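The following exercises are to be worked through with the sequence and the coordinates at hand. Each task is followed by a solution in steps.

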Amino acid sequence: MAGPLDGVRVLDLTTNVMGPYASLQLGDLGADVWKIEPPAGDTIRNVGPSRHAGMSSNFLHLNRNKRSLALDLKTSAGAEALLRMIGTADVLMHSMRPTAMARLGLAYENARARNPRIIYCGMYGFGQDGPYADRPAYDDLIQAGVGLPVLQSRKSGEPENVATPLADRAVGLAAGTAVTAALYRRSITGVGQEVQVPMFETFAQFVLGDHLYGYTFDPPIGDWGYARTMDPGRRPYRTSDGGYIAVNLYIDKHWNSFFAVSGHPELAADPRFADVHSRAEHVGILYEFLSEVFPAKTTAEWLRLLTDADIPSIRMHTPATVLDDPHMKGVGFFRDEEHPSEGRLRTMGIPQRWSVDAPELRYPAPRLGEHSAELLTEAGFDRDEIDDLVAGGAVRAAEVRAR
């Protein structure tokens, strides 16, 4: 099965993490994603360990189910070639600033003139109606701009970013959803549209839904910040064998059961812990209690006790040990596959399950320009036109690499 988006052709001009993560969602769902790269390639190709230059770990995970066309859009021939391809496409995605796309002759108006059905998705740092409209943006900046490092400082003491490009990936998911919704709307109206997905505003919505808190009201009726999630005690807890366990005690049933299995049933009658409101006021005391009781038993002992009591818990993994997690093995999430040029790789499966049109892994992450001639042919270019584009430097085709 090819997936529910089988038949949708996506021209993906994005680079780094946010845009490629958005197009990864579409590719995994069956869309035919054409990764349009500059002649030097996507910068993420060289982020992380690699066996060959340009095929890093980070690139491999972000760019499966895509085919690569290396096209120099700064040449008139390259820009015109892309406009011609737009005529055969359903979606164009880019993460350049609008002024840069306009200079290349690739603004939405140009694309719509070639194909009124095109879904044109621009992923920008900031909404185009505000004073930051033309500023560059990266994950670190956007995390800071919405206050995430300050929220983290309530735990660490100093403002710090979270240890993953969370803004890139959250906004990438939002962009994938927006494109899918626009495709659905086009199926009703027959008309395409421009969709703008700004990082700053999108990630602000992602974070502030929890942390606007008292400032939700005007005038404020309390401080900003969801206290429970910012408390330094909200963390995995060390056990007697040096492992760590995460537990989420939230409702009355969870806490009362935990007080019992931890050997402190009397705490269930403590008025400080009687309900969700009183526990919220004394959450620091509760987290300190957890840090004191967990070292009394091994990780395995705690997991058995908590599981039997139906208390939400899980062993804390590292990115290495999660590979051996019995549930991950049971669902076949991690897979060993042979990449045509990079050899044996550990890949991740598609998490969702579909009763009909189940998606599948169709292409491994491509070498730069691996499919240049193939994709141009599918877009209607003949052999002579392709040779001229290559000879003129507008197109780069991958060299055959022996493993």
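The model is predicted.

**Exercise 1. Placing a helix on a sheet**

Task: Determine which strands helix α14 lies across, and describe the sheet to which these strands belong.

Solution. 
- Step 1. Helix α14, residues 299-308, lies across β8 and β9. Relative to β8, the helix runs at about 20 degrees.
- Step 2. The order β7-β8-β9 describes an open sheet of 3 strands with antiparallel pairing.
- Step 3. At the edges are β7 (237-238) and β9 (313-315), each of which pairs on one side only.
- Step 4. Strand β8 covers residues 244-247 and is joined to β7 by 2 bridges, the two strands running antiparallel. Across this pair, R238 stands opposite Y244 in β8.

**Exercise 2. The setting of E37**

Solution. 
- Step 1. Locate the residue: E37 belongs to strand β2, residues 32-37.
- Step 2. Not counting residues up to four places away in sequence, E37 touches D42, R45, F59, S68, L69, A70, L71 and L368.

**Exercise 3. The largest nonpolar core**

Task: State how many residues form the largest nonpolar core, and find which element gives the most to this core.

Solution. 
- Step 1. The largest nonpolar core has 34 residues, and those with the most contacts inside it are V10, V91, M93 and F203.
- Step 2. Elements giving two or more residues to this core include α1 (18-28), β4 (91-94), β5 (119-124) and α7 (148-156). Also among them are α8 (166-189), β6 (193-198) and α9 (199-211).
- Step 3. The most is given by α8, with 7 residues.
- Step 4. Another core, of 28 residues, lies apart from this one; L92, A111, I118 and I386 are among its residues.
- Step 5. For V10, the contacts beyond neighbours within four places in sequence are L26, A31, D32, V33, W34, V91 and M93.

**Exercise 4. Helix α7**

Task: Identify which elements the buried residues of α7 pack against.

Solution. 
- Step 1. In α7, the residues L148, P149, L151 and S153 are buried.
- Step 2. The buried residues of α7 pack against α6 (139-145), α8, α9 and α10 (227-230).
- Step 3. After α7 comes G157, with a positive phi near 95 degrees.

Definitions and conventions: Residues are numbered from 1 along each chain as its sequence is written. This is a predicted model: local features need pLDDT of at least 70, side-chain atom pairs count only at pLDDT 80 or more; totals for chains, interfaces and linings use all residues. Side-chain values use heavy atoms; hydrogens and water are left out. Two strands pair if DSSP finds at least two bridges between them. Helices (H or I, at least four residues) and strands (E, at least two) are DSSP runs, numbered from the N terminus. Contact means heavy atoms within 4.5 Å. Axes are lines fitted to C-alpha atoms, for helices over the stretch in contact, and angles run from 0 to 180 degrees between N-to-C directions. A nonpolar core is a set of buried Ala, Val, Leu, Ile, Met, Phe, Trp, Tyr and Cys residues joined through side-chain atoms within 4.5 Å. Buried means under 20% relative accessible area, exposed over 50%, partly exposed in between (1.4 Å probe, protein chains only).
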